[in-house]
Amino acid sequence: MDTQKFLGLFQEILAPDTNRVKKATATLRTDYYPLPESLTTLIQLILSDQAPPLRQLAATQARTLVPKHWKSYSAAQKSQYRQHLLQGTLQEEEQLVRHAASRVITAIAKIDLENGEWPDVFNVLLRAANNPSVRQREVGTYLLFTSLESIGDPESAEVRINTMLAMSRLAIVLDTDNDEPSLKMLQEAIPPMVAVLKQAVSEGDEDRTTQAFEVFQTLLGCDSSVLNKHFGDLVQFMINLAAQPTLDEDARTQALSFLMQCIRYRKLKMQALKVGEQITLKCLEIACELGDASADEEDVTTPRSALGLLDEMAASLPPSQVVVPLLHALGPYVNSPDPDRRQAGIMALGMCVEGAPEFINTQLKEILPLIMRLIDDSDTRVRRAAMEGVMRLAEELPEELGKEHKKLMPALVKQMDTAMKNMSRPDDKQNLDIIKTSVSCIDVVVEGLNSEDIKPYISELMLRLSKLFSSDIFRIKIAAISATGAIAACAKEAFLPYFEQTMNSLSAYVEIKDSSEELDLRSSTCDAMASMALAVGPKPFQRYVQPLMQATDEGLHLDHPQLKETSFLFWAMMAKVYKDEFKPFLEGVLKALFESLETEESELEVDLGDEAEDLAGKEITIGGKKIKISALTEEDIVAADDIEDLDDEAAAAGSDDDWDDLDVVTAVAQEKEVAVEVLGDILTHTTQSYIPYMERTIEVVVPLLEHSYEGVQKAAISTLFRAYTAVWDLQPDSMKNDTPGLPMDPEPSPQIKKLGEIIMTGTLAIWQEEEDRATVTEINRSLAATLKVTGPSLIADSSTLKNVTEVLVAIITKAHACQKDFGDEEDLSSLDGTSESDWVTIDTALDVVIGIANSLGETFGQLWKIFEKPIMVFASGSEGYERSTSVGTISECIKAMGTSVTPFTSHLLKLLLHRMSDEDSEAKSNAAYGIGLLQQGSTNDKEILKAFPTILSKLEPLLQTDEARAKDNAAGCVSRMIMRHPSNMPVEQVLPALLEILPLKNDFDENVPVYDMVVKLYQESNPTIISLTPTLLPILAEVLAPTPPGQLKDATHDKLTELVKFLATKQPAEVRKYDGLAALV
């Protein structure tokens, strides 16, 4: 090996020129690092008198080469290098070099111990850890998982911190099941570790405070038994630390960060501790410190961290532990004369919306008046915070907020007008913030409006927004353009009068590219134009398609990730608008998408030492990839090979602090997430034209199921299931099996079977053990949606159905990997209450159960024996949404089972009757639906008829209840009872009451049993229905009218048409009173 050339290349890595760095690392990787001599040279360089940064870098490189080359050295060479490295490291004056060299020794020791070599290593390090020399103690404790006493070393804070670091490393590798003495030592070390942190905080030692916090963060990621004994005390210590306003802000922020990690990785433990209310109230008070700073600014501060913690808690803990105490405490804050407290109150509320939208929805009547008052507050910051709260509400509850548009829209326009009028100078930040926030709020709110609701506002909004298109402030311009896209999407054809002028006004922004801000603006413009295309339709937008396709193609090559993703999304929208007419663009579009999905990734965090101090925490782009720059720290010294991932084998062999454990999402990974989602959109909307590319799509997307970034995984799952559905839909109708049950007749084609096998094999490999809750939820959603379209084809194989059933039972019983605390084997599944975000995973799993039930039909009865008990547990849950969802699932399964539900009649009837008196209106409504289906399907007439008086008594109040489709489901239940057991029903009493609530307003599916019953009674010449004909005719006129659409299924529409014709022969004068009915005769 040419040593001089090697050293010359090595020095190039520290050059400030990224191209030189890249070229040098590539040459080192291919020409030198495969050779054992490279490790020898690096060790010699560590021990040389070269500049510290170079020796430090040599050590980081040597550490990664040790797993590859150390074994090739002779025993004599190994002994020599160990001795020299130890001696040199103990004498090294530069701390960063000492630590880097220590890691080389650790890497060597790990290999030697595994091979029965260097047996006295711990004795050597123990002597160093207890050496009178402070420097030697620092090195020794850094290397050795030392004794507990070292934490209290009175002479050196460095020794105390290094001992904590050593303890954390021991915790990482400790076999807690088989090494009880070490586990006990670690457990007993926790209080002294807390004392070290407390001392560092009290002394204002920022560096050691940070290191101590990092140790506790590390311990959170270890086996839960390490912290369990003192977990509650540790959490309480962090709560108290964060709440002390006199302490250093960085320490308080890190305490909040620790609590956030506890919520993420020990949420069940946190729920069991019942500290949610205490933390919520502390965060609310800390938020009062926000002052003039906006919550969305990038600097990490204590109040922003407190708000972020509230967000995390609302998503992870039951509403009773976070949202409920917050709402109880909110009054004194939002009604305070102090604007800081009013701002804190409304912002804290806003942060909880995403995590608990269903509970917040139940409180909207009380919340909205409060928000409306604060939108008009005397303080600018409070007004802005209130509008940000509205945005969060509208994002999570669009329809509910949309219903309040008559209050919200004028209030938001007023804020925009006032701020525009009060602008005293171009850089008037306060008023610019209000303009931007009000426009962004309108953007979100209009998404919950329908095309009729938006019409009164379009003219006034476009008048204002179009003026902002030419603003000198980019963020204002971008907000206005984005809002315009949302208005267009909502207004649909009502936007046509504004379409041409808007396109002309924005056309200049489609090709700008001279700055990052211009590219941001270009991206927003393309997004808005895509929404306008969907609004106005293919013909008006046609002349803009070609130039915009060219502009978006150019956007791929402008080194701007957001613009590239916008290009992909624009293509998806064009496919949606033009469907198979998009065919001329498919080849080019798919070529770009496939190239994106096949781009090689590297998770990069480059560490350039002191030279990078000015760049620390920032990102640069090299070769189209975002790379984060960080200064070297004592704790984390990143090897230069991380720049180019020089040695995959070394990374696989790894050291204890492998970077693979980091959750790093590169710009390339985020791009792939969008690209694979767009593939799914395009194949869905251009299915016939897409067929030639389907095989290639499957080849590219299936490997992404194993991608390290869950966003890519989720998108790949969704796209594969959409591909299956698209191919299924292309079959001839004769090949589509609409009859539930197995085996399928006809069987799917071999190609579809093979595609299904590929998808289910890949899906199950993830689904069974996946720890990411969102990924599991996406699988649930995708499978449920696909079963609804394709029937049992994906689960026709018995082993597949068995595996699917096992996964679903695990999720429903909260025993799945994604529902457990990280590294914790303790069973906490019986805790009372579930967070709404956790419930979504269970809810979507129940959707899969319904899909299976509908696919299997009467044969599902065998599987119901497995699902019945775990599903019925939720019917007695503490949360209304648990009970209503459980009862709804049970009802759908009853419907699917038909007569095979009979053996389960007693249990189900008892449960449903009880839930018909539930305090939750949705649960009551679903129970009425289920009762009707049960008595329709079950042949256990004796049990059913015995309950008729009770059923009728509980249905009567539901027929007067306007909430949660109660009237509609009660009507359906009554109708099914009349059809199934007409002689046991007081038709003459029930029927007039039923007609009073017709036509149904919400659940149009229940029109089927209602009008089937009506037709059946006429066929039987029932005197009650005949006498009620004048009452029924206006109802028929309304439901048979073309609007609103979707009221009747085709079969029901045909039956009622025939009924009208029959009634016209009996009572022609009555029928002629209604033009719509007369036209049918």
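Why does Asp207 count as exposed? Its relative accessibility is 58%, and exposed means over 50% relative accessible area, buried under 20%, partly exposed in between (1.4 Å probe, protein chains only).

## Basis of the model

This is a predicted model: local features need pLDDT of at least 70, and side-chain atom pairs count only at pLDDT 80 or more, while totals for chains, interfaces and linings use all residues. Residues are numbered from 1 along each chain as its sequence is written, and side-chain values use heavy atoms, leaving out hydrogens and water.

## Negative surface patch

Asp207 lies in helix H11. Helices here are DSSP runs (H or I, at least four residues), as are strands (E, at least two), numbered from the N terminus. On the surface, a patch of negative charge gathers Glu206, Asp207, Asp248, Glu249 and Asp250. Helix H11 (206-220) supplies at least two of the patch residues, and so does helix H14 (249-265).

Patch residues have over 30% relative accessible area and no salt bridge; like charges are joined within 9 Å, and nonpolar side chains (Val, Leu, Ile, Met, Phe, Trp, Tyr) within 5 Å. Asp and Glu count as negative, Lys and Arg as positive; His and the chain ends are not counted. Each charge is placed at NZ of Lys, CZ of Arg, CG of Asp or CD of Glu. Areas follow the Shrake-Rupley method with a 1.4 Å probe; for residues, only the protein chains shown count as cover.

## Salt bridges

Side chains of opposite charge can pair when their charged atoms come close. The structure holds 41 salt bridges, each a side-chain nitrogen of Lys or Arg within 4 Å of a carboxyl oxygen of Asp or Glu. One of them joins Arg464 to Asp417, with the closest N and O atoms 2.7 Å apart. This pair links distant parts of the chain: Arg464 sits in helix H26 (residues 451-468) and Asp417 in helix H24 (residues 405-421), 47 residues apart. Arg464 is buried at 16% relative accessible area. Asp417 is partly exposed at 29%.

Asp838 and Arg773 also form a salt bridge, their closest N and O atoms 2.5 Å apart. Asp838 lies in helix H42 and Arg773 in helix H40 (residues 773-790), so the bridge ties together parts 65 residues apart in sequence. Asp838 is buried at 15%, whereas Arg773 is partly exposed at 24%. Asp433 and Lys429 pair at 2.8 Å, N to O. They are four residues apart in helix H25 (residues 429-445), and therefore separated by about one helical turn. Asp433 is buried at 9%; Lys429 is partly exposed at 45%.

## Backbone details

Two cis peptide bonds deserve a look. The bond from Leu742 to Pro743 is cis, with omega near 0°. Pro743 is in the loop between helix H38 (710-729) and helix H39 (750-767). The bond from Leu998 to Pro999 is cis, also with omega near 0°. Pro999 is in the loop between helix H50 (987-996) and helix H51 (1007-1019).

Lys492 is not a glycine, yet has a positive phi of about 55°. Its loop runs between helix H27 (474-491) and helix H28 (496-506). Lys492 is partly exposed at 41%. Lys814 has a positive phi near 60°. Lys814 lies in the loop between helix H41 (798-812) and helix H42 (836-856), and is buried at 18%.

In the model, residues 367-405 are 82% helix and 0% strand, with end C-alpha atoms 15 Å apart.
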